[in-house]
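Me: I would like to go through a structure feature by feature. Could we start with how helices meet?

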Amino acid sequence: MRDPRRIYLLTLVLLLAGSAWMFVNVSHGVDGDHTICIFKNLTSLPCPSCGTTRALALILNGQVADALEMNPMGIVSGLLFAICFSSVLRDSLLGRTDFLVLWNKSEQLLKKNYLYLPLTG
């Protein structure tokens, strides 16, 4: 995917979907009994990202320590969301391509053997 418009559109769609998901979960409350995690539903074991939505909800409510206890990935996810959102917004308003540069650098970094070999098993 090298077309910059498609990268920005994909990112925008994912950011909007994530925002809608968080709005629904924060406005209607998040409980730990129900999950959409396929891994947890099949094995009854939490995956590494289980609890990320609840952690983000705790962060939005100002309970950062509780969010870290729930799942530290909530902080990472929140930071990535903020970076992507602000980069896409700035690029859109100022006609820049900083997000695209960040996307390409991230893509090159993830292609390095020392990063993705442990993930491939």
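Reply: The model is predicted. Start with a list of contacts between two helices: here T52, A55, L56 and I59 in α3 meet M73, G74, I75, S77 and G78 in α5.

Me: What classes of residue make up the contact of α3 with α5?

Reply: Sorting by class gives five nonpolar residues and four polar ones, while charged residues are absent.

Me: At what angle do the axes of α3 and α5 cross, and within what distance do they come?

Reply: The two axes cross at roughly 70° and come within 8 Å. Angles of 65 to 115 degrees count as roughly perpendicular, so that label applies to α3 relative to α5.

Me: Which residues does T52 touch, leaving out those up to four places away in sequence?

Reply: T52, which is found in helix α3, touches N71, M73, G74 and S77. Buried means under 20% relative accessible area; T52 has 11%, so it is buried.

Me: How do I check the length of helix α1 against what its residue count predicts?

Reply: Compare the expected span with the distance between the end C-alpha atoms. Helix α1 covers residues 4-28, which is 25 residues, and at 1.5 Å a residue it should span 36 Å. Its end C-alpha atoms are 36 Å apart, so the two values agree.

Me: Which residues of α1 are buried, and what covers them?

Reply: The buried residues of α1 are I7, Y8, T11, L15, M22 and N25. Their cover includes α3 (52-60), α5 (73-94) and α6 (98-110).

Me: Is S19 buried, partly exposed or exposed?

Reply: S19 also belongs to helix α1. Its relative accessible area is 33%, so S19 is partly exposed. S19 and F81 are 62 residues apart along the chain, and their C-alpha atoms are separated by 9.3 Å.

Me: How many disulfides does a search of the whole structure find?

Reply: The search finds zero. A disulfide needs two cysteine sulfur atoms within 2.5 Å. For C37, the closest cysteine sulfur is in C47, at 3.6 Å, which is too far for a bond. For C47, the closest cysteine sulfur is in C50, at 3.6 Å, and that is again too far for a bond.

Me: What are the relative accessibilities of C37 and C47?

Reply: C37 has a relative accessibility of 15% and therefore counts as buried. C47, with a relative accessible area of 17%, is buried too.

Key:
Residues numbered from 1 in each chain as written. Predicted model: local features only at pLDDT ≥ 70, side-chain atom pairs only at ≥ 80, totals over all residues. Heavy atoms only, no water. Helix = DSSP H or I, 4+ residues; strand = E, 2+ residues; numbered from the N terminus. Expected span 1.5 Å × (residues − 1). Buried < 20%, exposed > 50% of the residue type's maximum accessible area, 1.4 Å probe, protein only. Contact = heavy atoms within 4.5 Å. Axes fitted to C-alpha atoms, helices over the stretch in contact; angles between N-to-C directions. Parallel < 35°, antiparallel > 145°, perpendicular 65-115°, else oblique. Nonpolar A, V, L, I, M, F, W, Y, C, P; charged D, E, K, R; others polar.
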